[in-house]
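Here are my notes for you on this one. Have a look at the model below first, then read on with it open beside you.

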Amino acid sequence: MNFTVAIVGRPNVGKSTLFNRLVGRRIALVDDRPGVTRDRREGAAHLGDLAFTVVDTAGFEEAAAESLTGRMAAQTDVAIAGADAVMLMIDARAGLTPVDRAFADLVRRAGKPVIVVANKSEARAGVAGAFEAYELGFGDPVSISAEHNEGLADLYEALRAALPAQTEKPADDEVKDETDGEAADRPIRVAVVGRPNTGKSTLINRLLGEERLLTSPEAGTTRDAIAVEYEWHGRHFRLFDTAGMRRRSRIDEKIEKLSVADTLNAIRFAEVVIVLMDATHPFEEQDVRIADLVQREGRALVLGMNKWDLAERKPGAAGKLQEAADYELPQVKGVPIVAISGLRGEGLDRLMQAVADIHAVWNRRVTTNALNRWLGHALDSHPPPAVRGRRIRLNYMTQAKTRPPSFVLFCTRADAIPEAYQRYLVNALREAFELPGVPIRLTLREKENPYAGRARKT
């Protein structure tokens with residue numbers, strides 16, 4: 001892979017922070033004051049399995065060509081001209097500004113693929129600004145938080161979509177048979193995570209049919225996140241074995257902290273995450289915390305009950321496990337649970353089928369017509385409560401994106417809709433459109449009043 005990406009945008013939107021995040025080192029100066037970056041800076045970036053050159057540029061406003069600001073603008077022009085794609089960054093908390101629109105016109109004239117990056121989207125304050133980015137006309141914006149390392153998996157997918165030829169992996173001896181339909185058969189990224197000593201490496205070894213990964217009865221054998229290729233019934237997967245995650249209070253060694261950080265990175269870049277539990281002691285506190293972390297990252301989730309051969313098998317045990325999962329993890333109600341034995345190779349086909357099925361649900365798109373028909377029935381069955389004697393009007397709904405399914409509900413008085421009613425809508429969505437076990441994002445957005453600001457006639 002040999003391509004270049006330029007990060008452009010107005011001052012103080014976080015370009016240098018993202019640059020440092022991509023190159024993996026703090027080499028660009030970062031400060032709360034705008035205008036710290038002046039020269040364009042190049043670095044060797046890594047995003048998932050992509051390696052490329054990233055260019056940090058100066059944020060500038062209109063100025064004479066001979067001035068310092070004008071020369072900064074010229075440097076940015078050079079960076080855009082030499083790039084294969086451009087990341088146009090905005091501040092999601094501030095929303096679109098006239099300078100953002102000027103930058104959009106600049107990169108549009110360059111004729112390069114453009115990815116709109118809505119930075120500082122880690123809180124609700126950034127949601128509205130991210131949706132305003134649609135007005136720029138460059139397609140779906142990518143919401144990230146460069147400072148908190150959030151949303152980079154979505155940035156990875158956007159980069160691959162913007163530069164499909166440059167980001168295509170070169171064929172090697174192991175994948176030469178992948179010729180016809182290679183794009184449609186792109187490997188599904190699956191991370192196997194869990195507490196220490198739940199059998200993650202043993203499971204992957206059994207799937208591969210070889211001792212590819214080191215295993216030991218002693219917890220903590222795995223330190224790095226190791227990626228291996230796997231084919232199951234003609235479908236291709238990339239499996240990531242990860243280090244066990246203990247409670248933060250019990251982590252005291254530096255190398256374990258690095259291992260956990262590597263595991264968190266594997267979760268962020270995965271599409272499906274298998275949370276492996278010990279079937280003899282399921283749903284311990286740390287198991288639930290890890291599963292909750294996965295759903296907060298927006299990944300598809302499968303619960304694997306390993307060491308099922310050692311568990312006491314009572315009648316109805318599987319049903320009780322599902323009830324326990326729905327109780328402990330109501331935010332991903334219906335999450336698939338598969339009983340397996342990595343040591344004996346039991347239940348592995350069921351596990352991989354669950355991974356393929358949940359990946360399809362995670363990518364599911366619902367038409368706007370079907371959504372609004374459903375919304376009408378949901379309102380008839382359970383209308384929103386009146387708050388302080390005033391009705392709340394829910395106007396219409398659309399699906400903003402998949403991976404995970406994310407919906408936008410346009411309404412009045414969005415801040416007054418109770419959390420309980422939002423949960424009702426999410427659960428009803430999950431049941432009506434068969435979205436079990438995946439995170440569902442629901443964003444409330446107030447519809448603008450066309451009569452606001454008009455003088456009342458007498």
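1. A word on the ground rules. This is a predicted model, so local features need pLDDT of at least 70, side-chain atom pairs count only at pLDDT 80 or more, and totals for chains, interfaces and linings use all residues. Residues are numbered from 1 along each chain as its sequence is written, and side-chain values use heavy atoms, with hydrogens and water left out.

2. Start with the sheet. Six strands form an open sheet in the order β8-β9-β7-β10-β11-β12, with mixed pairing. β8 and β12 (337–339) are at the edges with a single partner strand each, so one side of each has no neighbour in the sheet. On average, neighbouring strands here are turned by 25° against each other, direction ignored. Strands (E, at least two residues) and helices (H or I, at least four) are DSSP runs, numbered from the N terminus. Two strands pair if DSSP finds at least two bridges between them.

3. Now go to β11 (residues 300–306). Seven of its seven residues are buried, so β11 is largely enclosed by the rest of the structure. Buried means under 20% relative accessible area, exposed over 50%, and partly exposed in between (1.4 Å probe, protein chains only). Ala300, Val302, Gly304 and Asn306 point one way, while Leu301, Leu303 and Met305 point the other way.

4. Who are the partners of β11? Seven bridges join β10 to β11, and the two run parallel; on that side, Val275 stands opposite Leu303. Three bridges join β11 to β12, again running parallel. There, Gly304 has Val338 as its bridge partner, and Met305 has Ala339.

5. Follow the chain between these strands. β10, helix α8 (residues 285–296) and β11 make a right-handed β-α-β unit. From β11 the chain then crosses through helix α9 (residues 317–328) to β12, and this crossover is right-handed too. Right-handed means that, with the strands pointing away from the viewer, the path from the first strand over the helix to the second runs clockwise.

6. α6 lies across β7, β8, β9 and β10, running at about 155° to β9. α10 lies across β7, β8, β9, β10, β11 and β12, at about 165° to β11. For these angles, axes are lines fitted to C-alpha atoms (for helices over the stretch in contact), and angles run from 0 to 180 degrees between N-to-C directions.

7. Which residues of α6 are buried? In α6 (residues 200–208) they are Lys200, Ser201, Leu203, Ile204, Asn205 and Leu207. They pack against β7, β8, β9, β10 and α10, where contact means heavy atoms within 4.5 Å. Asn205 counts as buried because its relative accessibility is 3%. Its C-alpha is 8.3 Å from that of Gly342, 137 residues apart along the chain. After α6 comes Gly209, with a positive phi near 80°.

8. Last stop: Ser145, in the loop between β6 (142–143) and α5 (152–162). Ser145 counts as buried because its relative accessibility is 2%. Its side chain makes a polar contact with the side chain of His148 (3.0 Å). A polar contact is a pair of N or O atoms within 3.5 Å; within protein, one must be able to donate a hydrogen and the other to accept it, and residues adjacent in sequence count only if both atoms are side-chain atoms. Leaving out residues up to four places away in sequence, Ser145 touches Asn119, Lys120, Glu122 and Glu150.
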